[in-house]
Structure formats: structure tokens, C-alpha cells
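Here is a briefing on one protein model. Look over the sequence and the structure first, then work through the points by topic.

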Amino acid sequence: DALTTGSALYIDSDSSSTGIRSIASIIQNHASATAATALYVQNDSTGSGVEIRGGIGTGTAPAGVLRLSTAEVTVVDADQLGRIEFIAPLEGSGTDAILVGASIYAEADDTFAAGVNATELVFATGASEAAAEKMRLTSDGKVGINVSAPAALFHVNGTTQVGVDGTGHDCLWYGDSASSVMQWSATNDDL
């Protein structure tokens, strides 16, 4: 249609109920429909394809929330709770070009229980393959780059670089006791 103002689909609920409910549900619940898309949004303009807006208020109203959830009733280690994928499925080159290029997902870090919901956030990117894990933020606040089980707050498996060749930066490494520091001096080019 040639809709110029208003909404093509508008659903309004003015209920004051605080109970958990869905204003609208789109459900594809047949397990064999693995390639089915429950909701497809195409936006040929420069505006947002989907906007989630919080309530109206005086600064205390909640922000818009996008919730990704799992239907698992028993969540165990390595189960994904939600995932965002970035893909160009219509790219004409085919093969690698139409694979998932990047994704961000929440992964259970343990079996969930009444007092356990340990979850890690995983960042995956691809070069000429489907996106694979490159960085992880663990449930206890550790960041791992090229390592899925970081042993320290910041754990890098591979070569790291600070600055640009020919442009020096000072680097400091602090020890366990006060005033215990090792410094790479950009001015002197040594430790």
C-alpha cells in the first residue's frame, strides 16, 4: 500500500495490569521448520527497521528493552540464552559472503539453579568463514581475546600491540606491593 501517515499495523493495550502478558505473539512452534522466520521486517528507507521505545515519564521511565530469551526449561553450561546475528543473506557472491559475518550471544557458564545464572557474553566475527568466537566477557568480569577461558581480568592469546610503530607510548605494569612498577619509556625506548 501507499501508506503516507500513521501505522499499517497498530496494537494498543491500555491495561493497568502488572501481570506478565504479551500484547502480541508471533509463534512458529513446529520443530521441523528450522528455516522459518517468525517476523520479517524490511525497511527500504534510512529510518529504523525496528524501534523499541520505553514509557513516557520524567526521566524515571524505563528505557526500551529488547529481550532475547530461550525456551529451554533446563539451562546447562554452553546453552545460548539469546543471539544477535549480522548477515548479508542476499549478497550475490554466495558461499562465504552469505554466512553469518558476526554475532553476539549470551552463553550459560554453568547449569542454572535457584542461586545460579552465570552467563558469559561472546563476540564472534568471520573473515572467510561463519563467525567464530574472538572475544568473551565472563560472568566474573574477565575479558578473553582469542581465549574462551580467560585466566585473568584481561587475557590475550596472541601478540598484542600498544601504539603505532614509530609513535611511542609509555606502558606501566604494576606489581603487588606499593610503588612497585615496571615502565616502558617511549622517550628512552627501554624498560
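Glutamate 85 has a relative accessibility of 42%, so it counts as partly exposed (buried is under 20% relative accessible area, exposed over 50%, partly exposed in between, with a 1.4 Å probe and protein chains only). Its salt-bridge partner is arginine 83. This is a predicted model: local features need pLDDT of at least 70, side-chain atom pairs count only at pLDDT 80 or more, and totals for chains, interfaces and linings use all residues. Residues are numbered from 1 along each chain as its sequence is written, and side-chain values use heavy atoms, with hydrogens and water left out.

**Salt bridges**

- The structure holds five salt bridges (a side-chain nitrogen of Lys or Arg within 4 Å of a carboxyl oxygen of Asp or Glu).
- Between arginine 83 and glutamate 85, the closest N and O atoms are 2.8 Å apart.
- Arginine 83 is also partly exposed, because its relative accessibility is 31%.
- Arginine 136 and glutamate 107 meet through their side chains in a salt bridge of 3.0 Å, N to O.
- This pair links distant parts of the chain, 29 residues apart: arginine 136 sits in strand β4 (residues 132-137) and glutamate 107 in strand β2. Strands (E, at least two residues) are DSSP runs, numbered from the N terminus.
- Arginine 136 is buried, at 5% relative accessible area. Glutamate 107 is buried too, at 12%.
- A network of salt bridges links Glu107, Glu120, Glu133 and Arg136.
- Lysine 142 pairs with aspartate 140 in a salt bridge, with 3.5 Å between the closest N and O atoms. Lysine 142 is partly exposed, at 22%.

**Nonpolar core**

- The largest nonpolar core has five residues: Val100, Tyr105, Val122, Ala124 and Ala131. Such a core is a set of buried Ala, Val, Leu, Ile, Met, Phe, Trp, Tyr and Cys residues joined through side-chain atoms within 4.5 Å.
- In soluble globular proteins, nonpolar side chains tend to be buried together.

**Pockets**

- The largest pocket holds about 2,600 Å³ of space.
- Its lining has 42 residues, and Ala38, Leu39, Leu66, Arg67 and Leu68 lie nearest its centre.
- A pocket is an open set of points on a 1 Å grid over the protein atoms alone, where a 1.4 Å probe fits, with protein on both sides within 12 Å along at least five of seven lines; lining residues have an atom within 4 Å of a point.

Technical notes:
Points joined across faces, edges and corners; volume = space filled by probe spheres on them. Helix = DSSP H or I, 4+ residues; strand = E, 2+ residues; numbered from the N terminus.
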